[in-house]
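Reader: I am new to this structure and would be grateful for a close look at a single part of it. Please take the core and the elements around it.

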Amino acid sequence: MERNLAFLAFPEMSELLISELAGRFGITQKPDARYGDLLYYEKLDLPELNDGTTALPYWARTVMLEPFFLKFDSIGEAAGELKKIQRNWAPYQYICFRRAQLIQEKLPYINLKDRNFPVKIPDSPMGLYTLIDEHTMIASAATSSTLPAGTLHFIEDHENPPSRAYLKIQESLTMANLLNGTDLPHEGQRCFEAGACPGGWTWVLVGLGAEVYAVDRAPLADSLMNNPLVTFQAHDAFTLKPEELGQVDWVFSDVICYPERLFEWINKWLEYKPDLNMICTIKMQGEINWPLIQQFADIPGSRIVHLNYNKHELTWIHTR
């Protein structure tokens, strides 16, 4: 079904979004308008998923599902018209920053600040608006994300984590909770992490109280090697058999490998334990193989997302 849509690309990823529309959906038409990272298309026909929802590109942090243009004379009028539609609105701005800020101040409060992990994101409608000049905005009450402008950033710890990769697992665990209602790893649970060095993901997991069986060819940071919740093995994690590792509640991988190898490894684990919680990064190697990405998506219980802390990669989430 043809419909007007506006895609808010992740920063500096507009061209990847356009490439995904072409490579994944066969859509080669150019945007009818571009407002910074917001790409507006008229009469776009995207396929439907099995649940009747529209298939949306991963490289869009949120999508305006029912975009409209609003003319207004004053800041108060702009805020008033948005409030007539619904409570929650978040801005994306590329021009008119001060004017957008004044409009936002007149709208009901939503948290636009960086978050402390762990955080629970409310599952409530979140509208999006963008000023395209001083008296015109494009807006949509219906969007694809309950995050403000599809954006989740954490207050960073610059001292304790052994790498910035810890932000990626914090976001992916938060998304697993938001999308599937999955509880975070916790005390009494055992996690297996493939390619754990230097330990950013392990650091988050033990901070939640979980035990971690960490495998890599190189050791973790000293603070983690001496942590009683961590068991380390120097090995190629992908060659270990699931049945050799004992009881496991979660499996994680941020390993740099070809997606084909990751897909094979994931299926080996799910054949052993179909209801396993897994979070894995799909690292892209050059041009994206979209049929293969669809195979990841077709695994029952799967969700694929692009995180704010991902680069040229996607995150595959499988939770019971």
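Which residues have the most contacts inside the largest nonpolar core?

Author: The model is predicted, so local features need pLDDT of at least 70 and side-chain atom pairs count only at pLDDT 80 or more, while totals for chains, interfaces and linings use all residues. Residues are numbered from 1 along each chain as its sequence is written, and side-chain values use heavy atoms, with hydrogens and water left out.

The residues with the most contacts inside the largest nonpolar core are F7, F192, W265, I266, M278 and W316, and this core has 51 residues. A nonpolar core is a set of buried Ala, Val, Leu, Ile, Met, Phe, Trp, Tyr and Cys residues joined through side-chain atoms within 4.5 Å. Buried means under 20% relative accessible area, exposed means over 50%, and partly exposed lies in between (1.4 Å probe, protein chains only). Helix α7 gives the most to this core, with six residues. Helices (H or I, at least four residues) and strands (E, at least two) are DSSP runs, numbered from the N terminus. Not counting residues up to four places away in sequence, I266 touches M278, C280, F296, I299 and W316; contact means heavy atoms within 4.5 Å. A second, separate core of 32 residues includes L152, L208, V212 and L220.

Helix α7 (residues 259-272) lies across β9, β12, β13 and β15 (313-318), and runs at about 170° to β13. Such axes are lines fitted to C-alpha atoms, for helices over the stretch in contact, and angles run from 0 to 180 degrees between N-to-C directions. These strands belong to an open sheet of seven, in the order β11-β10-β9-β12-β13-β15-β14, with mixed pairing. Two strands pair if DSSP finds at least two bridges between them. At the edges stand β11 (230-234) and β14 (302-305), each of which pairs on one side only. On average, neighbouring strands of this sheet are turned by 15° against each other, direction ignored. Within the sheet, β12 (residues 250-253) and β13 (residues 277-283) pair in the parallel sense over four bridges, and V251 stands opposite M278 in β13.

A further helix, α5 (residues 200-207), lies across β9 (190-194), β10 (211-216), β11, β12 and β13, and runs at about 170° to β10. Six of the eight residues of α5 are buried, so this helix is largely enclosed by the rest of the structure. The buried residues in α5 are G200, W201, T202, V204, L205 and V206. Just after α5, G209 takes a positive phi of about 95°.

The cysteines may be considered next. The structure holds zero disulfides, a disulfide being a pair of cysteine sulfur atoms within 2.5 Å. C197 is in no disulfide, and the nearest cysteine sulfur, that of C257, is 16 Å away. C197 is partly exposed, with a relative accessible area of 30%. By contrast, C257 is buried, with a relative accessible area of 9%. The closest cysteine sulfur to that of C257 is in C280, at 8.8 Å, which is too far for a bond.

Finally, strand β8 (residues 136-140) deserves mention, as five of its five residues are buried. T136, I138 and S140 point one way from β8, and M137 and A139 the other way. In a regular strand the side chains alternate between the two faces of the sheet. Strand β5 (residues 68-71) pairs with β8 in the antiparallel sense over four bridges, and L70 stands opposite M137 in β8.
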